[in-house]
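Please open the structure in your viewer and keep the selection tool ready. The tour goes stop by stop.

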Amino acid sequence: MSYVIGVTQEESVPKAPLREIPPIARQFHVWRLIGAAVTLLIAGSIILSLSQNEALNWPVIQEFMFQERVVAGLRLTLELTVISMIGALILATIIANMRLSPNVVLRSISWAFVWFFRGIPLLVLLVLMFNVSLLYPEVSVGLPGQTPIWSASSGDLLNPFWAAVVAFVLHQSAYTSEVIRTSIRAVPKGQIEAAESLGMTHLRTLQRIVLPQALRIAIPPIANDAINLLKATSLVAFIAVSDLLYSVQQIYASNYQIVPLLVVAALWYLIIVSIMSVGQWALERRFGRGTARLGTTVKAAGGKNR
Amino acid sequence: MTVIEARSISKQFHHHTVLDNVSLSVAKGETVCLLGPSGAGKSTLLRCLNLLEPLEAGAVFLEGELLGFREQHGKLYALSKRKIARQRQHIGMVFQHFNLFPHMTVLENVIEAPVGVLKQSKLEAKRHATELLDLVGLSDKAHAYPASLSGGQQQRVAIARSLAMRPKVMLFDEPTSALDPELVSEVLEAMKKLALEGMTMVVVTHEMGFAREVADRVVFMADGAVVEEGPAREMLTNPKVDRTKDFLARVL
Ligand SMILES: Nc1ncnc2c1ncn2[C@@H]1O[C@H](COP(=O)(O)OP(=O)(O)OP(=O)(O)O)[C@@H](O)[C@H]1O
Ligand SMILES: [Mg+2]
């Protein structure tokens with residue numbers, strides 16, 4: 001055995017450096033190329049047929065893209081999304097922390113909240129909130145059994161816009177609280193112990209150590225939620241709140257340009273979603289500081305003065 | 001003068017006794033090494049000293065002040081979380097797995113608590129942090145993120161971060177156990193420097209060389225109790241109790 005090994009070594013060792021190692025040949029993946037060509041062909045013909053389709057009527061799309069009512073509807077859609085999402089984030093953080101609390105009452109209430117508002121369809125919730133005055137005709141503040149200090153009819157308090165906001169906040173916070181809860185739990189226990197051993201209070205530890213790390217994990221799913229919410233706000237058309245979709249419907253109800261106006265709405269949703277995706281990317285960069293092993297050795301995104 | 005003292009403390013996890021009537025007293029400037037087999041309760045004792053674990057019986061005193069409770073009418077009442085946080089400021093703790101804050105640079109890690117808790121100005125905190133990073137030999141890494149540092153460097157940052165609170169005592173729980181062998185000595189060197197500067201320290205370690213060279217006193221624990229304690233040299237070369245002899249024979 002040792003003899004054989006000795007021979008092969010003697011033969012191969014001096015030879016290796018003499019031979020030059022050829023470069024690796026470039027590979028052609030025939031099927032991949034054919035696949036790409038076919039897909040391109042299909043995509044191209046769809047685009048071509050769309051651009052020549054009379055029903056699409058590009059001049060009309062152009063005309064209505066910045067039409068007054070469309071822009072007003074767009075503004076309302078954005079307001080609805082932003083207000084609802086901010087409200088949902090605040091409520092979701094509270095619900096998530098209740099769920100993580102050692103107190104069984106808080107934990108149960110939070111569980112029941114999520115169970116309920118995740119369980120009923122958003123449209124049902126929306127219409128219910130719109131009709132809340134049937135359930136509670138009047139809202140009053142005061143001690144039970146006494147004449148109220150203040151009261152108002154709920155129809156006055158909750159106009160369709162705010163009814164929609166309440167519905168979206170309740171619905172969205174049920175989902176987002178689960179994202180926040182799992183993200184908080186993903187922060188290692190050692191982080192909290194380190195913070196506490198430095199004398200940081202519970203609240204401060206949450207603010208400075210736990211939430212920033214939890215947010216890094218939570219941003220992609222929360223961005224997803226926000227994008228979903230933007231599109232879900234189009235449901236307010238059912239309760240006659242003139243958002244983007246409702247405005248567009250109103251316009252085509254009178255001029256019958258159904259497809260071009262739906263394209264106008266679709267384009268606007270696409271544009272907003274694209275902007276939101278850029279925002280998501282920036283946030284991920286901001287909260288991802290210190291996570292990549294390479295490339296972030298020195299400061300990452302925008303922290304020069306800190 | 002006694003800096004930190006555990007008086008007859010007991011601790012259970014699910015009816016399983018982990019610390020049984022343990023007492024430990026550490027004088028100012030003293031370095032005490034806690035030795036003992038796995039599961040002896042060394043980490044638990046350290047965590048009790050820092051109020052990270054609630055006690056079942058006994059008490060911990062820092063410079064004579066009762067920690068975590070106030071005494072009234074012959075009974076102990078738990079302090080609020082805020083007051084406990086305040087008492088913890090004076091006790092530094094270094095963990096086996098460093099536990100640096102990954103989303104902050106080295107400098108931000110070190111100044112976080114002085115600025116946030118002690119309300120020092122950023123400038124003052126930074127000046128102190130720079131000194132401390134110098135002490136642990138990492139002044140060139142101030143703006144690096146923890147993920148880009150070696151384990152030994154991360155642990156030295158963790159030491160600086162604790163020191164930034166100017167603690168009265170430093171607790172170390174196996175600070176070198178998670179490190180590659182060639183990185184152990186840089187951390188031990190930093191700790192030795194600290195001991196020589198007169199810091200009061202309690203160190204759980206399996207590094208017998210460090211215990212022999214740096215510790216003033218060695219405490220040997222097994223099964224949740226202190227088995228034997230004494231001056232470092234004497235204990236390590238000439239233990240009296242069989243459990244200690246067995247343990248030392250295995251690790252030395
Ligand atoms: N959070 C916990 N819940 C339940 N049991 C625990 C917990 N922490 C520690 N224990 C138990 O307490 C005992 C002592 O643990 P401890 O970590 O203090 O030992 P140690 O001396 O530090 O050991 P090691 O050298 O392995 O770190 C062990 O039996 C362990 O299983
Ligand atoms: Mg341990």
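This is a predicted model: local features need pLDDT of at least 70, side-chain atom pairs count only at pLDDT 80 or more; totals for chains, interfaces and linings use all residues.

**Stop 1: helices 4 and 5 of chain A**

Select residues 68–99 of chain A, which form helix 4, and then residues 104–119, which form helix 5. The two pack at an angle of about 130°, and their axes are 7 Å apart. Helix 4 of chain A and helix 5 of chain A are therefore oblique to each other. The crossing of these two helices is left-handed. To see the contact, show side chains: helix 4 of chain A contributes Leu91(A), Ile95(A), Met98(A) and Arg99(A). From helix 5 of chain A come Leu106(A), Arg107(A), Ile109(A), Ser110(A), Trp111(A), Phe113(A) and Val114(A). Sorted by class, this contact has 8 nonpolar, 1 polar and 2 charged residues.

**Stop 2: helices 12 and 13 of chain A**

Next, select helix 12 (residues 244–255) and helix 13 (residues 258–287) of chain A. Here the packing angle is about 165°, with the axes 9 Å apart. Because of that angle, helix 12 of chain A is roughly antiparallel to helix 13 of chain A. Their crossing is right-handed. On the helix 12 side, pick out Leu244(A), Leu245(A), Val248(A), Ile251(A), Tyr252(A) and Asn255(A). They meet Ile258(A), Leu261(A), Leu262(A), Ala265(A), Trp268(A) and Tyr269(A) of helix 13 of chain A. This contact has 11 nonpolar residues, 1 polar residue and no charged ones.

**Stop 3: where chain B meets chain A**

Now color the two chains separately. In contact are 33 residues of chain B and 27 residues of chain A. Together the chains bury about 2700 Å², and carbon and sulfur atoms give 54% of that area.

**Stop 4: salt bridges**

Side chains of opposite charge can pair when their charged atoms come close. Between chain B and chain A there are 2 salt bridges. For a salt bridge to look at, select Glu193(A) and Arg47(B), whose side chains meet with N and O 2.7 Å apart.

Over all chains, the whole structure holds 17 salt bridges. Finish with Glu53(B) and Lys11(B), a salt bridge whose closest N and O atoms are 3.9 Å apart. Glu53(B) sits in the loop between helix 1 (42–49) and strand 4 (57–62) of chain B, and Lys11(B) in strand 1 (residues 2–13) of chain B, so the pair ties together parts 42 residues apart in sequence.

Conventions
Residues are numbered from 1 along each chain as its sequence is written. Chains are lettered from A and ligands numbered from 1 in the order in which they are written. Side-chain values use heavy atoms; hydrogens and water are left out. Axes are lines fitted to C-alpha atoms, for helices over the stretch in contact, and angles run from 0 to 180 degrees between N-to-C directions. Helices (H or I, at least four residues) and strands (E, at least two) are DSSP runs, numbered from the N terminus. Angles under 35 degrees count as roughly parallel, over 145 as roughly antiparallel, 65 to 115 as roughly perpendicular and the rest as oblique. A crossing is left-handed if the near helix is turned anticlockwise from the far one by less than a right angle, and right-handed if clockwise. Contact means heavy atoms within 4.5 Å. Ala, Val, Leu, Ile, Met, Phe, Trp, Tyr, Cys and Pro count as nonpolar, Asp, Glu, Lys and Arg as charged, and the others, Gly among them, as polar. Buried area is the accessible area (1.4 Å probe) that two parts lose on being put together, summed over both. A salt bridge is a side-chain nitrogen of Lys or Arg within 4 Å of a carboxyl oxygen of Asp or Glu.
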